[in-house]
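Hello,

Here is the structure I promised to pass on to you. Please have a look at it first, and then read my notes below.

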Amino acid sequence: MAGSSAQSSTAERIGYINRIESFSACHRLHSIHLSDEENKEVYGKCNNPNGHGHNYKVEVTVRGKIDAKTGMVMNLTDLKKCIEEVIMIPLDHKNLDKDVPYFTTVVSTTENVAVYIWDNMVKVLPPGLLHEIKIHETDKNVVVYRGE
């Protein structure tokens, strides 16, 4: 019978953990590959020479086997430490374009912020655990990146 306790005790279970953090940062959308006029046309007011800021909300999702002994996919304390190291320390209350070396040659769009976070989270998490990075730039603008 589906869902019987005998089958449940031997079946491998997969779980998802979603940790949410917020950080504030400023940036200017400006590509070194475009002229000033093209940048103004493509990015509009977000190309303001003085930049602008956001209160980003980031969701980091890990996916993995629920350990039979601990009952966890991973320890939330460890996930919180990884997020602190990868997101909060380098990005919170920073000018992304001037304070984060990655963005000196990469446009600091939310898509690229998600890629930056993914690339650095996979370095500190156990292999194969990172599932998704979701960034809420505003209440209406959300970017999802899954390492593809």
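First, some ground rules. This is a predicted model, in which local features need pLDDT of at least 70, side-chain atom pairs count only at pLDDT 80 or more, and totals for chains, interfaces and linings use all residues. Residues are numbered from 1 along each chain as its sequence is written, and side-chain values use heavy atoms, with hydrogens and water left out. Helices (H or I, at least four residues) and strands (E, at least two) are DSSP runs, numbered from the N terminus.

**The helix pair**

Let me begin with helix α3 (residues 76-91) and helix α5 (residues 110-124), whose axes come within 10 Å and cross at roughly 140 degrees. Those axes are lines fitted to C-alpha atoms, for helices over the stretch in contact, and the angles run from 0 to 180 degrees between N-to-C directions. The two helices are therefore oblique to each other; angles under 35 degrees count as roughly parallel, over 145 as roughly antiparallel, 65 to 115 as roughly perpendicular, and the rest as oblique.

Which residues bring α3 and α5 together? From α3 come L79, C82, I83, E85, V86, I87, P90 and L91, and they meet Y116, I117, N120, M121 and V124 of α5. Contact here means heavy atoms within 4.5 Å. The residues of this contact divide into 11 nonpolar, one polar and one charged. In that count, Ala, Val, Leu, Ile, Met, Phe, Trp, Tyr, Cys and Pro are nonpolar, Asp, Glu, Lys and Arg are charged, and the others, Gly among them, are polar.

**Between β1 and α2**

S31 lies in the loop between β1 and α2 and is buried, with a relative accessible area of 7%. Buried means under 20% relative accessible area, exposed over 50%, and partly exposed in between (1.4 Å probe, protein chains only). Not counting residues up to four places away in sequence, S31 touches N39, Y43 and V107.

L34 sits in the loop between β1 (14-27) and α2, and is partly exposed at 29%. With residues up to four places away left out, L34 touches N39, V42 and Y43.

**Between α2 and β2**

N47 is in the loop between α2 (36-43) and β2 (52-65). Is N47 buried or exposed? N47 counts as buried, at 4% relative accessibility. A polar atom of the N47 side chain lies 2.8 Å from the backbone oxygen of L29. Beyond four places in sequence, N47 touches R28, L29, H30, N39 and K40.

**Two exposed loop residues**

A68 belongs to the loop between β2 and α3 and counts as exposed at 81% relative accessibility. Its C-alpha atom is separated by 9.0 Å from that of R13, 55 residues apart along the chain.

H93, in the loop between α3 and β3 (94-95), is exposed too, with a relative accessible area of 63%. Most residues other than glycine have a negative phi. The phi of H93 is near 55 degrees, a positive value.

**A residue in β4**

Finally, L130 is found in strand β4 (residues 130-136) and is buried, with a relative accessible area of 11%. The C-alpha atoms of L130 and V62 are separated by 4.5 Å, although the residues are 68 apart along the chain. Leaving aside neighbours within four places in sequence, L130 is in contact with V60, T61, V62, W118, M121, V122 and L125.

Happy exploring!

Key: Polar contact = N/O pair within 3.5 Å; in protein donor to acceptor, adjacent residues only side chain to side chain.
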